[in-house]
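Hello,

Here is the structure for you to look at. My notes follow below it.

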Amino acid sequence: MNEGDSGGVPTAPVLKYYTYKATKAVEFYRPVMYLYFLSQGLSFTQIAVLEAAYNVTTVLGEVPTGYVGDRIGRRNSLLVGTGLIAATLVGIGLAGSFLALVALYVCWSMGYNFRSGSEDAWLYDTLTDDLSEDQFSRVRGRGESVSLLTGVVAAVVGGYLGNIDLSYPFFVAAGVTALGLVALLSLSEPDTYESADTDDLSLRRSLGIVRDAVTNRRIRAFVVYYYVLFAAVLYLVFMFVQPVFESVVVDLGVSSSRVESLLGWYYAAISLVGAGFSYYAGAIKDRIGLRTWFLVLPFGVGAALVGMYLVPVLALPVLLLARGTADVTRALASQYVNDRIESVGRATVLSAMAMVSGLTVIPFQLGSGAVSDVSSPLLALAIAGGVLIAGSLAVLAWEVPVSAGESAAEVGE
């Protein structure tokens, strides 16, 4: 294994992958994103509609773009997605109306649709070339760590830029994202993908692969447990970090004029925590185990979200840790699914997982937006935490979502 246990030297493709991950640039605008929308006169309900439009596009576009990724190649799909994201970020910074933002959110979602399944599929197949696919969690986690560590600086810069003008972070993020095109052009398609029978991959066959994946007894409960429940609640945490942070720190006596810059530092802390967890994704998989991680974390997050409604100051550490563990949890979920599907149609299946998540989060978003306008984002998150606990218990009553064995299994087993 070229990227084996800790201390191994990464291969050239893996180093290029790390370079690409460093250009994702989301932390420039994340600290001020929802404050920007609120400054444009949007209500929480309108922001929820934007997010719903994003996820409707995800639902409609994930499988088709995953299919395109399987047909035109993972790298080409990543190039299309990255270019679309960079252009959309410029548009968001220039947008002057709610309807314009809705249209841009649709384009934004399509960009991520092209990247979502293809990125993990490219990495898994590249590692398979070296017979080191069992290192997927470690390499993906370290790639996410590179992205998050870059994001530490980006978050601080974005916070201060937002203090000057809330649109500036979007323009800077667009420029850095565009650098990812250069990194992607240096990548090549994995031999595993090139030797796969993708020419015979019809859309009907792709849909059949997706159907077999989500009904596979090793995956079906996990799809509901993680991609429906847990991922949806984490999305709401992402949505409400900024207004909750602003409310809590202002109540603590902080001047409202300092909120944007403090958010930059707070998101930098989130990135640091996330980078730490992501770097040790492989160790978490080996020492804690996927089963223990996924059976414990949703209940801890759900209880913490309920608790911070009762004691609002707890929101600062709770949201920090919830956001900080989101990326490593996504990497571990991808490892679990990748181990149980074949290379042919891999990008399509992974995109289908994102589609399932995108579909089920829509009622969460619209409901939480309405609750936030009537009451507060804290109450919306507390309700989401209760739903996460109750839903997780229901899934466990049906069947254990994470199998004890870690060996790969083919779809349809």
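**What was found**

Of the 413 residues in the protein, 59% are buried (under 20% relative accessible area, with a 1.4 Å probe and protein chains only). This is a predicted model: local features need pLDDT of at least 70, side-chain atom pairs count only at pLDDT 80 or more, and totals for chains, interfaces and linings use all residues. Residues are numbered from 1 along each chain as its sequence is written, and side-chain values use heavy atoms, with hydrogens and water left out.

The protein has 16 helices and zero strands (DSSP runs numbered from the N terminus: H or I of at least four residues for helices, E of at least two for strands). Among contacts with a separation of 6 or more, 87% join residues 24 or more positions apart (a contact means heavy atoms within 4.5 Å).

Now the cavities. There are four of 30 Å³ or more. A cavity here is a set of points on a 1 Å grid over the protein atoms alone, where a 1.4 Å probe fits but cannot get out.

The largest cavity is lined by 44 residues (each with an atom within 4 Å of a point). Nearest its centre lie Arg30, Tyr54, Tyr112, Tyr235 and Arg330. Elements that give two or more residues to this lining include helix 2 (33-39), helix 10 (220-251) and helix 14 (315-338). Helix 5 gives the most, with ten residues. By class, the lining has 20 nonpolar, ten polar and 14 charged residues. Tyr counts as nonpolar and Arg as charged.

Best wishes

Key: On a 1 Å grid over the protein atoms alone, a cavity is a set of points where a 1.4 Å probe fits but cannot get out, and a pocket is an open set with protein on both sides within 12 Å along at least five of seven lines; lining residues have an atom within 4 Å of a point. Grid points are joined across faces, edges and corners, and a volume is the space filled by probe spheres set on the points. Buried means under 20% relative accessible area, exposed over 50%, partly exposed in between (1.4 Å probe, protein chains only).
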